[in-house]
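Below is a short note for someone reading this structure for the first time. Please keep the sequence and the 3D view open while going through the points.

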Amino acid sequence: MATRTEAIAPNWKEGSVTSWLTTVDHKRIGVLYLVTSFIFFGAAGVMATLMRIQLSHANSGFLTKAAYNEVVTMHGTAMVFLFVVPVLAGFGNYLVPLMIGARDMAFPRLNAASYWLFLLGGLVLLSSFLADQGGAQCGWTSYTPCSSEEFSPGHGQDLWILGIHLTGVSSIMGAINFIVTIHNMRAPGMTWMRIPLFTWAIEAYAVLLVLVLPTIAAAATLLLLDRQAGTTFFAPEDGGPILWQHMFWFFGHPEVYIMVLPAMGILSEVIPVFSRKPIFGYKAVAFSTIGIAFASMLVWAHHMFTVGMPSYLQAFFAATSLAVAVPTSVKIFNWLATLWRGHLIFRAPLMFALGFIGLFTVGGLTGIMLAVFPFDYQAHDSYFVVAHMHYVLFGGTVFGVFAGVYYWFPKITGRMYHERLAQIHFWLLFLGFNLAFLPQHLLGLMGMQRRIYTYTQGGIFEWYNVISSIGALLMGVAMLVFLWNAVVSWRTGRRVGPDPWGADTLEWYASSPPAPNNFDRVPYVTSARPLRDLRLRLQERET
Amino acid sequence: MLRKLVAAVSIAVLSAFAAGSAFAARGGIGPPGPDTPSGEAISRLYWVVLGLCAVVFVLVETALILFIIRFRRRRDTPESAEGPQIHGNTRLEIIWTAIPALLLAALAIFTFTQIPAVQAQGIEDEQHLTIRVEAHQFYWEYRYPGGEVTVNTLYLPVDEPVELELTGMDVIHSWWVPALTGKMDAIPGRINSLRFVPETTGDFEGKCAELCGIQHAFMPTTVSVLGQDDEYESTLASQQETLALGKATWEGACATCHGLSGEGDIGPSIAGNGTLSNEDGLKTLLENGQNTSQFDYYMPPVGRGWPPEQLDALMAYIKSNETLSTAPPTTTGGGG
């Protein structure tokens, strides 16, 4: 295998539209994933901005009630299914083969099919807005009977279901591809304890996707049958509403870790490189990834503490939810220990990674509070949960994604991003994020429930909402700075060599951007930091 | 320079939040209440877990900030210079795995000890005043043991243990009166029990916490805790008079979407509509709801499960109210 050097793909004209439409190159598919998911990120972000404008003052009429519910539903669904999961798939696609010294994914055509299904699914999902009687309006959780034919007439909900199906199939196919690739195509000498930690995270991400996505696919199918074929899987008389919630959250909670683990993997790559140290406790970080993935399958009903479960079940799910905090805190301590005595280089990737640690810690701790279920009786379905979840998924995952975007930008484009703009992006986003979401904890404690299109209270209640909306706008500005930086730098940024950061892993061994065949030859891997080994050997030879 | 500025602004904002919270009503950074023993137990747990999390928060963030300051690359260190190549320390890692595990186990055990208080256990079942709560799009119907019915306002005698039996009549709702106790979902096809003992008289505001449709934001409820002599009985009785029940039903079940005087809002204008005085037609409509392409939004089955006297009361109220029973000269509909 490693001696073949010709490209797998047919030799289409470089850069032409057809070459992108027909590509089976994992790097191009990775770029397609990244760019498409960022476009969906923009769309879902605009929806968030609309919501924050609507909520910026009491009794606002900026959006209609129905429009608000549609936007609430689509913001959540699009962020999860069209941005976070696929953007991580994009990183995985681009990086995993390079990191393990392979020439492509195991199934390049399946890989292309995953991407095109994802794009189709995204368009179908968004077309829900155009449906007669409006788009889906029951939140990203689409609880029955709200989402039943009787209470959500029209095809908006059906399009939501089809969108979930298509993106789900796409993710399952992609996940199988990742698993097969990681298990079979590693460079000579790359044992499981020498795999880059990001690849470990993608392994856990893929295994979780294969385990839990079929559940939501089944649930969505049954809901579609209930709506269109008159079946009664989720009929209230048979406990249907609770069945939906179990099926949804059996998928939905592991989904949170599907969205967080690869971002943590990005941190485990970035922090050592920008501290000029190895990761502290490679094994602990790798095993905590597996530990989190395993425990995440046992906690789903902590989203259901108020449905009237017996106390012993609530106690069980509280205990498992608290247990997830153990491997998570191990990761945070190991990252901190990696920083300890390092020579920290404050470039955008490290700043976003440290932003992740600072903000995710808040989300993790409020998660512990919510696992204490009597408190959840008060906080559930309130803005406290909204704040918690955004500290995990935005303060955590999205900051991690930006760390990754800046870290691998020179690899993907062959050019360096603009450092000062990236730092402005970081500080605007950090400030805007905290302004937007910190007060939401307090709003939740004051009794503001989720998913309301307006409120009547004035005073400090309204002020917190004003601050939150200002924060949201600031986040929007930060995103524009990022967009500008990305577009301009991609076209005119300073050209860089294969390894601008002095990194540790094999993707930096390939040229920037890598050739279609990735590597002409791959070094024999003797540690988890093959590139550093190579650098040291070269230095020895010179002296 | 820029960094320092941003840092200063962040710190100022954070302190402003802290100060704002301290001045906020009800303590600001605590959950609402507590006006019942259950609420008190929840608050107790909240402060314990908040305290624990605050300590961890301060430790982690302090370490992070100290490391950022202490270990940043100095100007005289070249970018390629490596730090000490420390690959780990098994003993340290075992310690920082074990300590969170022990702390969390202790927290779990403390949580479990509070369950009886939170759920108001330890009172005999038959001692409870049992009230059925039927949640509709978009109002709350309360059914009392003596057959009484109230809409959106729940009347309770002070100091008497109460058990709410909650169910949803259409979609899932969630009954949340923060000052009294935590929320409980009202789910179709299922009866959930929520127990608490109201210890202070007064009105407590509540809401629906689970997204239930277009008027989810406006599904308020009031719990009116009344003095013990016979204030409770007399108030409840006065609410059963035909016109009082009819008015409450109109305001709860109809006016949310059709406007207080039937002028129309998200639902069409219905003032003076013939169906309002046609008993059979109205009954069918209220029990089954309606979905026609003529209107943007469906009419939910708001009258599902009503006792017969409630429909009579509603019709009597409409008849007694001139604006509702006669068509207004000109209406434009889409007000509100």
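1. Two strands are said to pair if DSSP finds at least two bridges between them. The model discussed here is predicted. In chain B, an open sheet is built from five strands in the order S4-S10-S9-S6-S7, and its pairing is mixed. Strand S4 (153–157) and strand S7 (184–186) of chain B are the edge strands, each pairing on one side only. On average, neighbouring strands of this sheet are turned by 25° against each other, direction ignored.

2. Within that sheet, strand S9 (residues 202–208) and strand S10 (residues 221–226) of chain B pair in the antiparallel sense, over five bridges. To find one of the positions by eye, look for B:Gly206, whose bridge partner in S10(B) is B:Thr221. Helix H4 (residues 231–239) of chain B packs on the sheet and touches S4 and S10 of chain B. The direction of H4 makes about 155° with that of S4(B).

3. Chain B also has an open sheet of five strands in the order S3-S2-S1-S5-S8, again with mixed pairing. Strand S3 (149–151) and strand S8 (192–196) of chain B stand at its edges; each has a single partner strand, so one side of each is left without a neighbour in the sheet. Neighbouring strands here are turned by 25° against each other on average, direction ignored.

4. In which sense do strand S1 (residues 129–136) and strand S5 (residues 162–168) of chain B pair? The sense is parallel, and the pairing runs over seven bridges. B:Arg132 stands opposite B:Glu165 in S5(B).

5. In chain A, the axes of helix H6 (residues 197–228) and helix H8 (residues 282–296) come within 10 Å and cross at roughly 15°. Angles under 35 degrees count as roughly parallel, and H6(A) and H8(A) are therefore roughly parallel to each other. Their crossing is right-handed.

6. H6(A) contributes A:Leu197, A:Trp200, A:Ala201, A:Ala204 and A:Leu208 to the contact. From H8(A) come A:Tyr282, A:Val285, A:Ala286, A:Thr289, A:Ile290, A:Ala293 and A:Ser296. By class, the contact of H6(A) with H8(A) has 10 nonpolar, two polar and no charged residues.

7. A:Gln423 is found in helix H13 (residues 419–445) of chain A. Is A:Gln423 buried or exposed? Buried means under 20% relative accessible area, so A:Gln423, at 10% relative accessibility, counts as buried. A:Gln423 and A:His75 are 348 residues apart in sequence and, C-alpha to C-alpha, 27 Å apart in space.

How values were computed:
Residues are numbered from 1 along each chain as its sequence is written. Chains are lettered from A and ligands numbered from 1 in the order in which they are written. This is a predicted model: local features need pLDDT of at least 70, side-chain atom pairs count only at pLDDT 80 or more; totals for chains, interfaces and linings use all residues. Side-chain values use heavy atoms; hydrogens and water are left out. Helices (H or I, at least four residues) and strands (E, at least two) are DSSP runs, numbered from the N terminus. Axes are lines fitted to C-alpha atoms, for helices over the stretch in contact, and angles run from 0 to 180 degrees between N-to-C directions. Contact means heavy atoms within 4.5 Å. Angles under 35 degrees count as roughly parallel, over 145 as roughly antiparallel, 65 to 115 as roughly perpendicular and the rest as oblique. A crossing is left-handed if the near helix is turned anticlockwise from the far one by less than a right angle, and right-handed if clockwise. Ala, Val, Leu, Ile, Met, Phe, Trp, Tyr, Cys and Pro count as nonpolar, Asp, Glu, Lys and Arg as charged, and the others, Gly among them, as polar. Buried means under 20% relative accessible area, exposed over 50%, partly exposed in between (1.4 Å probe, protein chains only).
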